[in-house]
Every structure is written in structure tokens, then in C-alpha cells.
Amino acid sequence: HLTLESPDLKDVLEHLILGDLLLHAPRTLLLCRLVCSQWARWVSLPSVTYRKGLNWPNFLSVASISRAATIIDEPEEVTDDLQSLTKPLKTLPKLDFRFRSRDGENTWVPLVSSIIYSSNSLGQLSLSGSRFEWNTDGAVNFSTALRSNSSITSLHMERMFLDEFIFEPVLPFLEWNTRLLTLNLANNLFSPASWNSLCQALSQNSTLKSLDVSGSELSDATAEGFSSALRRNSSLTSLSLRSCLVETSVDAVARALYENRTLTTIDLSMNPLTDAAAAVLAPALASCSSLTALLLHNSKISWGGKYILDAFARNTTLRTLNLAANR
């Protein structure tokens with residue numbers, strides 16, 4: 001009984017479109033598309049989610065008037081017509097892929113690259129946990145798209161099982177991209193070659209604010225190069241090295257921290273830091289005059305914690321110190 005001018009219409013439509021019916025009933029999705037096409041000026045959807053069984057064209061229709069879209073299952077209706085696929089998605093401010101491609105299916109890397117290349121409104125892109133089929137050409141095109149994109153500020157690529165054959169052609173985009181602020185590469189298959197690619201790109205980048213490489217071992221072979229890259233970089237304010245360090249790489253990281261004046265948040269938690277390592281890190285961390293948050297929980301620190309506390313005894317900038325679950 002609602003009319004076009006009803007003040008309650010917007011609330012009713014948003015509740016209907018964002019309810020469980022959207023996720024599981026293709027007919028309801030089609031209904032939402034038809035209704036919203038008439039009252040699009042009244043309706044602005046926070047998000048829309050695609051799951052297996054929904055009609056892909058209908059999903060795209062609703063996504064085109066949303067502020068974010070999440071694709072949890074790979075659509076079966078996807079064809080090689082990338083233009084028709086990317087047109088509704090490239091206007092979204094936020095896009096999230098969360099699925100594993102079928103074996104031998106390499107449609108999604110070109111699709112995502114096309115979206116990145118053609119979008120001027122996409123601000124947040126997450127591929128976290130997705131398993132795409134990559135090849136060298138696809139990785140190069142993906143990097144080229146990121147290099148030319150001027151809208152993405154946050155990129156999440158953690159838990160994608162990316163290795164050096166992907167990182168080497170992809171990471172150079174950081175040398176040229178001046179828009180990206182947040183990059184999450186945690187829990188991938190970093191090798192010395194992968195670290196070298198990241199260090200080279202990080203040395204040239206002057207705009208990235210937050211970097212997460214947690215879960216990637218920083219060994220002797222790569223620690224010095226990473227330390228050098230940190231000393232050259234003057235833009236990072238947040239760095240996560242959770243579960244990265246080995247005892248022999250602590251010295252190199254400490255040397256970089258002595259010279260850093262931009263980091264405000266450092267996460268070194270879940271590293272097996274010996275008391276000797278804590279003694280090396282403490283004065284280096286205390287020398288970071290910009291540091292406001294330091295996370296060292298679950299790091300197996302025992303009496304070495306005294307060095308940390310003594311180092312920050314006269315610190316006037318630190319606001320958060322987490323030493324939980326140590327010895």
C-alpha cells in the first residue's frame with residue numbers, strides 16, 4: 001500500500017534488499033532490481049553480496065546502485081565478455097572477491113585487471129583469500145592496471161598463496177602508484193626473490209602509509225635489504241611484521257628503526273623474540289620519536305621485557321604498549 005511519495009518507502013526497500021532473501025532467492029533479487037530502477041534516487045544500498053545460485057545479471061543490476069559488492073562464490077554464468085562484466089562493477093567504491101577459481105579457469109585475473117584499469121571510483125579492493133589462476137601475462141597486466149589507477153587507496157591481497165613468480169611482475173606498480181595508502185600482503189609465499197621485489201618497490205614509493213607482510217619469514221638473506229628500504233622510505237606510518245622475524249634478522253630491523261621518523265604503529269607480535277633480541281630492539285624502538293603504538297604480545301619475551309620498559313620510561317609519545325602473553 002506504499003505510494004511513490006511515501007516517506008517510509010526508502011526504509012522498507014533497504015530492509016528488503018539487505019535481508020536474507022537477497023542472498024538466497026533469485027526472484028527476490030530480480031524484484032529488487034525492478035523496484036530500485038524506479039526509485040534509485042531514493043535508495044542507496046550499503047552493500048550487496050553474490051552467493052552461489054543467484055542470477056549473475058540480476059546481481060550486477062543491483063550492484064550498480066550499491067556502494068559495495070562482495071562476491072563469495074564464482075558465478076557459473078561468467079563468459080569471456082569482460083566488457084559486459086566490468087561495466088556494472090567499475091562504478092563501485094568498494095569491491096571484495098572471496099573465492100577460488102575453478103582449475104584451469106583464468107577469467108578472473110583479466111576481469112579484475114579490467115575493473116582496476118577502467119574504474120575511477122573504486123577506493124577499496126580486497127582479493128583476500130581468493131585463489132585465482134595466474135600466469136605471467138596476467139600478472140603483468142594486473143600490475144599495469146594498478147600502476148595507472150588513480151582511485152584505489154586500499155588493496156588487500158592476504159592469504160592468496162602468491163609466490164615470487166607473481167610478486168616479481170606485480171610489485172613494481174608501487175614504484176609508480178601515488179594513490180595507494182594501505183597494502184596488505186600478509187600470509188603469502190614470500191621467498192628471498194619476493195622480498196627483493198618488495199624492497200625495491202618500497203624504496204621508490206613515497207605515498208604508502210600502511211604495510212602488512214605478516215606471516216612471511218624475514219631471513220638473514222633478505223633482512224638487510226628490507227632494512228635499507230625502510231631507511232629510504234619516508235611515508236610509512238604503520239608496519240606489521242607479525243610472525244616474520246627470526247633471531248638473526250632482528251639486528252637489521254633495529255638499525256632501520258633507529259633512523260625512522262614516520263612510523264606511528266609497529267606490530268612485532270607473535271615473533272619468537274629472545275631476551276637478547278629484546279635488548280637490541282628496545283633502544284631502537286625508543287628512538288622512534290613518532291611511535292604511538294607498539295604491539296609485542298605473544299613474543300616469548302621473559303626478563304628481556306625489562307629492557308622494553310626501561311627504554312620507554314621517559315617516552316612521551318607512546319600511547320599503546322601490548323606485552324600480553326609473554327613470559
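Leu245 sits in the loop that runs between strand β8 (238-240) and helix α11. In this predicted model, Leu245 has a relative accessible area of 4%, so the residue is buried. Setting aside residues up to four places away in sequence, Leu245 touches Leu218, Val250, Val253, Leu268, Asn271, Pro272 and Leu273. Asp220 is 25 residues away from Leu245 along the chain, and the C-alpha atoms of the two are separated by 9.6 Å.

Two of the residues touched by Leu245, Val250 and Val253, are also among the buried residues of helix α11 (residues 250-259).

The contact of α11 with α12 can be taken next. The axes of these helices come within 8 Å and cross at roughly 10°. An angle under 35 degrees counts as roughly parallel, and α11 and α12 are therefore roughly parallel to each other. On the α11 side the contact is made by Val250, Asp251, Ala254, Leu257 and Tyr258, and on the α12 side by Ala277, Val280, Leu281, Pro283, Ala284 and Leu285. By type, the residues of this contact divide into ten nonpolar, no polar and one charged.

Helix α11 also meets α10. The axes of α10 and α11 come within 8 Å, with a crossing angle of roughly 5°. That angle makes α10 roughly parallel to α11. From α10 the residues involved are Ala223, Glu224, Ser227, Leu230 and Arg231, which meet Ala252, Arg255, Ala256 and Glu259 in α11. How do the residues of the contact of α10 with α11 divide by type? They comprise four nonpolar, one polar and four charged.

Helix α9 (residues 192-204) packs with helix α10 (residues 220-232) at an angle of about 15°, and their axes are 8 Å apart. The two helices are therefore roughly parallel to each other. The crossing in which α9 passes α10 is left-handed. In α9 the contact residues are Pro192, Trp195, Cys199, Leu202 and Ser203, and they meet Thr222, Gly225, Phe226, Ala229, Leu230 and Arg232 in α10. Here the division is seven nonpolar, three polar and one charged. Leu230 takes part in this contact with α9 and also in the contact of α10 with α11.

Leu294 counts as buried because its relative accessibility is 0%. Leaving aside neighbours within four places in sequence, Leu294 is in contact with Ile266, Leu285, Phe312, Leu318, Thr320, Leu321 and Asn322. One of these, Leu285, belongs to the α12 side of the contact with α11. Leu321 is 27 residues from Leu294 along the chain, and their C-alpha atoms are separated by 5.0 Å.

Where does Lys300 lie? Lys300 is likewise placed in the loop between β10 and α13. The phi of Asn298 is near 55°, a positive value in a residue other than glycine. Lys300 has a positive phi of about 60°, although it is not a glycine. Asn298 counts as partly exposed because its relative accessibility is 41%.

Another part of the picture is the aromatic rings. A pair of aromatic rings is described by the distance of the centres and the angle of the planes. The structure holds ten aromatic pairs. The rings of Phe97 and Phe99 have centres 6.2 Å apart and planes at 65°, so this pair is edge-to-face. Are Phe97 and Phe99 buried or exposed? Both Phe97 and Phe99 are buried. Through ring pairs, Phe97 and Phe99 are linked with Trp108 and Phe132 into a cluster.

The last step is the protein as a whole. The protein has 13 helices and eleven strands. Of its 327 residues, 50% are buried. Among contacts with a separation of 6 or more, 81% are accounted for by residues 24 or more positions apart.

Terms used. Residues numbered from 1 in each chain as written. Predicted model: local features only at pLDDT ≥ 70, side-chain atom pairs only at ≥ 80, totals over all residues. Heavy atoms only, no water. Axes fitted to C-alpha atoms, helices over the stretch in contact; angles between N-to-C directions. Helix = DSSP H or I, 4+ residues; strand = E, 2+ residues; numbered from the N terminus. Parallel < 35°, antiparallel > 145°, perpendicular 65-115°, else oblique. Left-handed = near helix turned anticlockwise from the far one by under 90°. Contact = heavy atoms within 4.5 Å. Nonpolar A, V, L, I, M, F, W, Y, C, P; charged D, E, K, R; others polar. Phe/Tyr/Trp six-rings, centres within 6.5 Å; stacked < 30°, edge-to-face > 60°. Buried < 20%, exposed > 50% of the residue type's maximum accessible area, 1.4 Å probe, protein only.
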